[in-house]
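Let's take a walk through this protein together, from the overall fold down to single side chains. Have a look at the model first, then read on.

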Amino acid sequence: MRSVFGKIKVFFRRVASGSFKRFFRNLQLVHEESGKNRVWLFFDMLYSMFRYGVGYLDYMTFGYAFIKKDKRLTYMNMDDNIAMVRRLNARDAYEVFDDKAIFYRTFKDLLGRPYVDLRNGFEGFEAFARGRENFFAKEPVSFGGLGVKKVTVGDRDLKEIYDELMTEKLFLAEETIVQHPEMRKLCDRSVNTIRVCTVLSDNGNPHVVYVLIRIGSGKNDVDNVSSGGMYTLLSDDGVITHPCFCDKTVTYYTAHPANGFEMIGFKVPFFEEAIALCKQAALVEPRMRYIGWDIAITENGPVIVEGNNLPGYDMPQNHRFHDDNCGIKAKFEWAIEN
């Protein structure tokens, strides 16, 4: 239980790091959604910062305006998530997931596609790139869909491409993932991935805590939320049952805004295989027990895009995705103990 002094520190830290403009913008959005009095919401937001350690963004996402105080304690906040990472993941193994080059070497048998590190010389890149129409180049250390570039080969000189990527420090080149035709229905410009969060229990058993699907906006080549994509929680059998939320537009969608595809009822192909792949991957580096896996679905099955050693805590707790108004704290504790 956090001390009163600790709660006060968290409260003032959130106030200092926040934006008053965004605070009142969120307050207005919550007012419009809930119909509750703005003054009541203002003080309830401040109270929730102190009592539950949630910022105004989480207050809106978690739907605290609709949730009774006893159920608010079931939600993980940012500090809970960081504490979970420190509890389950060994600091000296972070580089396995922070550096894509190390990650690819560690999980090469599970990646499901070829790649090459350009720092090993032009010859290896030439052998990889020859005959390809395109591929993706990545910075070894990057986050949120940044540091990624789609490269079209065509009739370009491979040495010229190599030198260009080396200058841009896009040292990793990997085969373009061609997603399953069913996944393209959601958004055909980006590869739409699922985020599978696994926890390795105290007994060494891999458990899945939650599974999200992320869908591109149709305006760029990635599905990341920070790039305008949307997301929703998947059911236990891989079906979209609730609207998808977009942080950029602060809007929930049942049909894709760009192509009109009806997303409710969509079932992810090879879903069971994807879950099995993540459980298998969770056993490869047992020093890292809490991981968020990004999985793409191809015609031949699921492939690992990357792993994240600081999985999100907020997206799976969006109140529109849950009918019982409960957070995910209990799921994590069960997974750790079993």
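Among contacts in the protein between residues at least 6 apart in sequence, what percentage join residues at least 24 apart? That share is 62%, where a contact means heavy atoms within 4.5 Å. Before going further, some ground rules: this is a predicted model, so local features need pLDDT of at least 70 and side-chain atom pairs count only at pLDDT 80 or more, while totals for chains, interfaces and linings use all residues. Residues are numbered from 1 along each chain as its sequence is written, and side-chain values use heavy atoms, with hydrogens and water left out.

Now the big picture. You'll find 14 helices and 11 strands in the protein; these are DSSP runs numbered from the N terminus, with helices (H or I) of at least four residues and strands (E) of at least two. The C-alpha trace spans about 65 × 45 × 40 Å along its principal axes.

How about inside versus outside? Of the 338 residues, 52% count as buried, meaning under 20% relative accessible area, with exposed over 50% and partly exposed in between (1.4 Å probe, protein chains only). The protein exposes about 16,000 Å², and carbon and sulfur atoms supply 54% of that; the areas come from the Shrake-Rupley method with a 1.4 Å probe, and for residues only the protein chains shown count as cover.

Met-78 sits in helix H6 (residues 78-88) and counts as partly exposed because its relative accessibility is 39%. For an exposed residue, look at Asp-236, with a relative accessible area of 80%, in the loop between strand E7 (230-233) and strand E8 (244-246).

Next, the charges. There are 22 salt bridges, each a side-chain nitrogen of Lys or Arg within 4 Å of a carboxyl oxygen of Asp or Glu. One of them pairs Arg-287 with Asp-92 (3.8 Å, N to O). This pair links distant parts of the chain, 195 residues apart: Arg-287 lies in the loop between helix H13 (271-282) and strand E10 (290-298), and Asp-92 in the loop between H6 and helix H7 (95-98). Arg-119 bridges to Asp-117, with the closest N and O atoms 2.9 Å apart; Arg-119 is partly exposed at 41%, whereas Asp-117 is buried at 10%. Salt bridges also link Lys-149, Arg-156, Glu-160, Glu-164 and Glu-168 in a network, including the Arg-156 to Glu-160 contact at 3.6 Å, N to O.

Finally, the cysteines. A disulfide is a covalent bond between the sulfur atoms of two cysteines. The structure holds zero disulfides, the test being a pair of cysteine sulfur atoms within 2.5 Å. For Cys-244, the nearest cysteine sulfur is that of Cys-246, 10 Å away. Cys-244 is buried at 0% relative accessibility, and Cys-246 is buried at 3%.
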